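The sequence and the model are shown first.

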Amino acid sequence: FGDNAVFASEIEFEAFIAECLAVYKEMPGFYGVILVDEPDYEQIESYALVYKAIKKVLPDAYIHCNMAAMGQDLIRKFDPSGAYDNVADAYRAMMRLFFEKSGAKEISFDSYPFKERGEGIKTNYYSNIKIMAEVCREYGAELHTVAQTCWTLRNNSVFYRKVGKSEIYSQLNSYIGFGVTDICYFTYFTKQDNTTSTELFMDDGSFINRDGEKTEIY
């Protein structure tokens with residue numbers, strides 16, 4: 001906000017947000033808004049301001065804010081300046097910044113633990129849930145998550161491996177044990193948007209296959 005910014009004032013910004021929401025807020029079945037998926041540090045303050053403005057315009061609307069998982073290789077996503085020595089500290093700091101700027105009372109994160117090589121779980125899986133649970137407790141917010149129900153190939157190699165009942169129960173029990181109150185799934189049916197050269201979603205990895213058939217995990 002300011003003379004050289006996109007919006008002259010916060011009031012002008014909130015009016016813009018209200019105009020955006022006016023297109024569909026009265027539609028039957030309207031429940032809430034999904035913001036950009038997995039924002040990085042460069043986006044997080046603006047992201048929080050959008051959240052805050054939506055809540056001011058539509059206080060009863062649900063806002064789905066979904067953060068990226070705490071992958072070790074993603075430290076620059078959370079800490080582009082190199083201020084932190086490890087990804088855990090960088091991740092915790094970014095989540096705190098979101099809550100401080102937004103005043104949010106809920107947050108979600110992706111955490112798909114079953115990747116390639118067939119055995120074990122992703123590094124940082126449980127520390128990621130623990131950090132999110134601690135930050136949510138600190139700010140009096142609900143913790144939501146998105147569980148893995150997909151089987152994907154990237155460049156013809158397995159990236160997210162096929163999950164069965166035991167992997168699904170492992171995720172659900174872990175999330176509930178850390179106080180998660182709302183669980184989403186990626187994906188309910190095999191995702192239709194695919195490319196053979198980058199990311200390909202395989203049947204039998206989600207609840208429903210492309211032909212409508214229920215899978216084991218359904």
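How are α4 and α5 oriented to each other: roughly parallel or roughly perpendicular? The sections below begin with this pair and refer throughout to a predicted model.

## Packing of α4 and α5

Helix α4 covers residues 87-102 and helix α5 covers residues 125-139; their axes come within 10 Å and cross at roughly 30°. Angles under 35 degrees count as roughly parallel, and α4 and α5 are therefore roughly parallel to each other. Their crossing is right-handed.

On the α4 side, the contact is made by A88, Y91, R92, M95, R96, F99 and E100. The α5 side supplies N128, I131, M132, E134, V135, C136, E138 and Y139. By class, the residues of this contact comprise nine nonpolar, one polar and five charged.

## Packing of α5 and α6

Helix α5 also packs with helix α6, which spans residues 165-177: the two axes come within 10 Å and cross at roughly 30°. That angle makes α5 roughly parallel to α6. The crossing of α5 with α6 is right-handed.

In this contact, Y125, Y126 and I129 of α5 meet S170, Q171, S174 and Y175 of α6. The contact of α5 with α6 has four nonpolar and three polar residues, and no charged residues.

## Packing of α1 and α2

What angle do α1 and α2 form where they pack? Helix α1 (residues 10-22) and helix α2 (residues 41-57) pack at about 70°, and their axes are 9 Å apart. Since angles of 65 to 115 degrees count as roughly perpendicular, α1 and α2 are therefore roughly perpendicular to each other. Here too the handedness is defined: α1 passes α2 in a right-handed crossing.

From α1, the residues E10, F13, E14, I17, A18 and L21 take part in the contact. They meet L49, V50, K52, A53, I54, K56 and V57 of α2. The residues of the α1 and α2 contact divide into nine nonpolar and four charged, with no polar residues.

## The largest pocket

How much space lies in the largest pocket? The value is about 760 Å³. Its lining is formed by 31 residues, and E38, D110, Y112, R154 and Y160 lie nearest the centre of the pocket.

Several strands take part in the lining. The elements that give two or more residues to it are β6 (152-154), β7 (157-160), β8 (182-186) and β9 (199-201). Of these, β8 gives the most, with three residues. By class, the lining of the largest pocket holds 14 nonpolar, eight polar and nine charged residues.

## Backbone features in the loops

Which peptide bond is cis, with omega near 10°? This is the bond from F186 to T187. T187 is found in the loop between β8 and β9, and both of these strands give two or more residues to the lining of the largest pocket.

A further backbone feature concerns N156, which has a positive phi of about 70° although N156 is not a glycine. N156 lies in the loop between β6 and β7, and β6 and β7 likewise each give two or more residues to the lining of the largest pocket.

Notes: Residues are numbered from 1 along each chain as its sequence is written. This is a predicted model: local features need pLDDT of at least 70, side-chain atom pairs count only at pLDDT 80 or more; totals for chains, interfaces and linings use all residues. Side-chain values use heavy atoms; hydrogens and water are left out. Axes are lines fitted to C-alpha atoms, for helices over the stretch in contact, and angles run from 0 to 180 degrees between N-to-C directions. Helices (H or I, at least four residues) and strands (E, at least two) are DSSP runs, numbered from the N terminus. Angles under 35 degrees count as roughly parallel, over 145 as roughly antiparallel, 65 to 115 as roughly perpendicular and the rest as oblique. A crossing is left-handed if the near helix is turned anticlockwise from the far one by less than a right angle, and right-handed if clockwise. Contact means heavy atoms within 4.5 Å. Ala, Val, Leu, Ile, Met, Phe, Trp, Tyr, Cys and Pro count as nonpolar, Asp, Glu, Lys and Arg as charged, and the others, Gly among them, as polar. On a 1 Å grid over the protein atoms alone, a cavity is a set of points where a 1.4 Å probe fits but cannot get out, and a pocket is an open set with protein on both sides within 12 Å along at least five of seven lines; lining residues have an atom within 4 Å of a point. Grid points are joined across faces, edges and corners, and a volume is the space filled by probe spheres set on the points.
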